[in-house]
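Please look over the sequence and the model first, and then follow the points below, which are grouped by topic.

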Amino acid sequence: MDRIPILQMGKFLLVTIQVDLYDRLALNLETDLAQMVYKTGARGVLIDISALSIVDSFMGRIIGNIGTMSKIMDAETVLVGMQPAVAITLVELGLELKGVSTALNVEKGMLLLRNKIDSFSETDIEEQDDSSAE
């Protein structure tokens with residue numbers, strides 16, 4: 001059974017999709033990512049789609065599902081490397097990628113993930129300080 005590799009980089013998971021996704025492979029990726037977020041306690045998922053020239057409605061829905069599932073498990077999702085034709089297609093299809101942020105490339109995506117997690121951690125600390133002061 002084909003699988004897309006998922007790499008762990010500290011508290012982040014990195015997925016680079018280098019092949020055209022067929023439905024079964026996309027479903028496997030969705031399941032594998034949910035399990036890896038749970039298993040590793042990852043705080044962020046970065047998905048690189050720069051090698052994809054086409055993203056259909058099914059794949060768009062899978063990416064949205066990954067973002068939603070990751071968010072439920074306390075991890076942020078960032079999609080990077082989107083080609084203009086893919087962006088146009090997603091807009092024309094009316095697909096919203098709920099729970100998914102986007103960045104131009106892997107470097108900007110990692111920076112975005114770090115900022116999201118750092119700002120969330122600071123909010124947690126402030127809330128804990130407020131509740132302990134009461």
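The model is a predicted one, in which local features need pLDDT of at least 70 and side-chain atom pairs count only at pLDDT 80 or more, while totals for chains, interfaces and linings use all residues. Residues are numbered from 1 along each chain as its sequence is written, and side-chain values use heavy atoms, with hydrogens and water left out.

**Surface patch**

- Isoleucine 72 is found in helix α2, where helices (H or I, at least four residues) and strands (E, at least two) are DSSP runs numbered from the N terminus.
- Together with Tyr38 and Met73, Ile72 makes a nonpolar surface patch of about 390 Å²; such patches are made of residues with over 30% relative accessible area and no salt bridge, like charges being joined within 9 Å and nonpolar side chains (Val, Leu, Ile, Met, Phe, Trp, Tyr) within 5 Å.
- The accessible areas come from the Shrake-Rupley method with a 1.4 Å probe, and for residues only the protein chains shown count as cover.

**Salt bridges**

- The structure holds four salt bridges, each defined as a side-chain nitrogen of Lys or Arg within 4 Å of a carboxyl oxygen of Asp or Glu.
- One of them joins arginine 3 to aspartate 32, with the closest N and O atoms 3.3 Å apart; because arginine 3 lies in the segment before β1 (6-9) and aspartate 32 in helix α1 (residues 23-40), the pair ties together parts that are 29 residues apart in sequence.
- Within this pair, arginine 3 is partly exposed at 43% relative accessibility, whereas aspartate 32 is buried at 14%.
- Lys71, Glu76 and Lys116 are linked in a network of salt bridges, in which glutamate 76 meets lysine 71 at 2.7 Å, N to O, and lysine 116 at 3.8 Å, N to O.
- Glutamate 76 lies in strand β4 (residues 76-80) and lysine 116 in helix α4 (residues 106-133), so this pair ties together parts that are 40 residues apart in sequence.
- Glutamate 76 counts as buried at 15% relative accessibility, while lysine 71 at 46% and lysine 116 at 27% are each partly exposed.

**Nonpolar cores**

- The largest nonpolar core has 27 residues, and those with the most contacts inside it are Val15, Ile17, Leu29, Leu33, Ile47 and Ile49; a core is a set of buried Ala, Val, Leu, Ile, Met, Phe, Trp, Tyr and Cys residues joined through side-chain atoms within 4.5 Å.
- The elements that give two or more residues to this core are β2 (12-16), α1, β3 (44-48), α2 (57-72) and α3 (84-93).
- A second, separate core of nine residues includes Phe12, Val80, Met110 and Ile117.
- Leaving aside neighbours within four places in sequence, isoleucine 17 is in contact (heavy atoms within 4.5 Å) with residues including Ile4, Leu29, Asp48 and Met59.

**Strands**

- Strands β1 and β2 pair in the antiparallel sense over four bridges, pairing being counted if DSSP finds at least two bridges between two strands.
- Isoleucine 6 stands opposite valine 15 in β2, and in the hairpin of β1 and β2, which has two residues between the strands, glycine 10 takes a positive phi near 65°.
- Serine 101, placed in strand β5 (residues 100-103), is buried with a relative accessible area of 18%.

Methods: Buried < 20%, exposed > 50% of the residue type's maximum accessible area, 1.4 Å probe, protein only.
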